[in-house]
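Visitor: Hi! I'm new to this one, could you walk me through it?

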There are 2 protein chains.
Amino acid sequence: MKLYDAAASGNCHKVRLLLSMLDIAHEVISVSLPNMAQKTPDHMARNPLGLVPVIEDGDVTIYDSQAILVYLASKHGGENWLPGDPVGRAMVQQWLSFAVNELWHGPALARAKLLFGRDIDLGRAQASAEMSLSIMNQHLGRNDRLALGRPTIADIACYPYSALAEDGEISLAPYDALAAWFARIKALPGFVTMPGLK
Amino acid sequence: MKLYDAAASGNCHKVRLLLSMLDIAHEVISVSLPNMAQKTPDHMARNPLGLVPVIEDGDVTIYDSQAILVYLASKHGGENWLPGDPVGRAMVQQWLSFAVNELWHGPALARAKLLFGRDIDLGRAQASAEMSLSIMNQHLGRNDRLALGRPTIADIACYPYSALAEDGEISLAPYDALAAWFARIKALPGFVTMPGLK
């Protein structure tokens with residue numbers, strides 16, 4: 001399996017985490033975002049959105065970090081990381097959508113502005129981030145994991161950009177339950193870190 | 001089953017479409033968005049994000065339109081609308097994520113600004129919409145359906161806000177393959193319309 005990866009990308013880190021936790025052999029191909037290598041015709045043929053991560057597994061190509069998590073968990077994780085029953089699937093999907101919308105348009109974009117100079121409305125991203133982190137914190141005050149009583153790809157999908165929020169100058173100090181959940185994620189076998197994770 | 005619904009919401013329409021196509025008995029409870037009924041404590045207990053749609057099915061409550069589609073398709077649709085194999089699941093997830101991110105932050109937000117006066121950067125939403133619709137159009141030039149060789153919840157999730165793009169003053173004229181796909185969706189048994197769909 002090949003992972004088209006960028007070290008500073010939280011979306012790529014979701015994939016790196018699950019590859020490591022499931023101990024899946026793979027080759028990492030670095031895509032230089034400062035050089036816009038994600039927008040070359042070769043890469044756009046892999047992902048029409050011109051983004052990382054992408055994986056290639058034989059003749060299967062998958063983009064979108066949530067879709068890659070779904071693929072890896074279904075193929076290599078049995079029922080553990082992504083269940084097959086309707087309620088379990090839906091509970092995981094709620095948080096995959098939260099990762100795609102609330103966490104991307106909140107803490108991830110604030111970070112993209114401050115670390116990479118992306119053209120973003122910083123105030124809007126930070127305000128949105130505070131609402132989203134507060135919702136997660138409330139939920140995690142009553143639940144050890146986001147979707148089910150065990151770690152799933154919902155936790156993996158929501159971890160990097162919430163844990164990297166301070167890169168976007170969003171304080172994590174108000175969120176005790178979130179901090180405890182970060183610690184539980186870090187304690188999972190196979191956890192790997194990335195720059196910016198405390 | 002209860003659907004907490006708003007007639008003008010494209011996210012609710014995704015759910016209305018699949019409920020109709022799968023012929024699932026349900027009760028509709030109208031939530032008045034102009035009166036902010038989606039932000040009452042009762043509704044926030046159903047969905048901490050304070051949004052519609054929400055479904056209640058016995059003691060199961062699910063929010064997020066993509067998660068609801070996953071639930072309904074898994075429980076009532078067999079393998080037809082959402083497959084169980086890793087590649088099929090991932091292909092569908094790519095487009096669920098596209099619905100959540102690209103279509104929401106493009107055509108849906110442009111429409112929300114122009115129809116409902118939401119606080120949105122219209123130029124940014126319209127520019128983003130044109131990129132996203134162009135990507136869909138290219139893909140649909142080579143494929144009859146978004147994710148697999150048959151209709152899936154990927155098509156349902158991406159249909160309302162792309163088909164309603166003109167409500168956000170985004171022209172659909174350049175997109176022939178998209179228009180043909182709209183017609184194929186409308187031809188599906190059980191299709192229902194909503195205000196704004198041509």
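Visitor: What distance separates the centres of domain 1 and domain 2 of chain A?
Guide: The centres of domain 1 and domain 2 of chain A, taken over C-alpha atoms, are 20 Å apart. Keep in mind that this is a predicted model.

Visitor: Where does chain A get divided, then?
Guide: Domain 1 covers residues 2-76 of chain A, and domain 2 covers 86-186.

Visitor: And how many residues of each domain are in contact with the other?
Guide: In chain A, nine residues of domain 1 are in contact with ten residues of domain 2.

Visitor: Which helices supply the domain 1 side of that?
Guide: On the side of domain 1 of chain A that touches domain 2, α1 (10-21) and α3 (65-76) each supply at least two residues. The largest share, five residues, comes from α1(A). By class, that side of domain 1 of chain A has five nonpolar residues, three polar ones and one charged one.

Visitor: You mentioned a strand. What order do the strands of the sheet in chain A come in?
Guide: The order is β2-β1-β3-β4 in chain A, an open sheet of four strands with mixed pairing. β2 (27-30) and β4 of chain A stand at the edges with a single partner strand each, so one side of each has no neighbour in the sheet. From one strand to the next, the twist averages 20 degrees.

Visitor: How many bridges join β1 to β2 in chain A?
Guide: Four bridges join β1 (residues 2-5) of chain A to β2(A), and the two strands run parallel. For instance, Leu3(A) has Val28(A) in β2(A) as its bridge partner.

Visitor: Last one: which residues touch the most other members of the largest nonpolar core?
Guide: Ile153(A) and Ile153(B) do, in a core of 123 residues. Leaving out residues up to four places away in sequence, Ile153(B) touches Leu18(B), Leu69(B), Val70(B), Ala73(B), Trp81(B), Leu82(B) and Val92(B). In soluble globular proteins, nonpolar side chains tend to be buried together.

Methods: Residues are numbered from 1 along each chain as its sequence is written. Chains are lettered from A and ligands numbered from 1 in the order in which they are written. This is a predicted model: local features need pLDDT of at least 70, side-chain atom pairs count only at pLDDT 80 or more; totals for chains, interfaces and linings use all residues. Domain bounds come from an automatic or database domain assignment. Two residues are in contact if their C-beta atoms, placed from the backbone, lie within 7 Å. Ala, Val, Leu, Ile, Met, Phe, Trp, Tyr, Cys and Pro count as nonpolar, Asp, Glu, Lys and Arg as charged, and the others, Gly among them, as polar. Two strands pair if DSSP finds at least two bridges between them. Axes are lines fitted to C-alpha atoms, for helices over the stretch in contact, and angles run from 0 to 180 degrees between N-to-C directions. A nonpolar core is a set of buried Ala, Val, Leu, Ile, Met, Phe, Trp, Tyr and Cys residues joined through C-beta atoms within 7 Å. A residue is buried if 20 or more other C-beta atoms lie within 10 Å of its own, exposed if 12 or fewer, and partly exposed in between; C-beta atoms are placed from the backbone.
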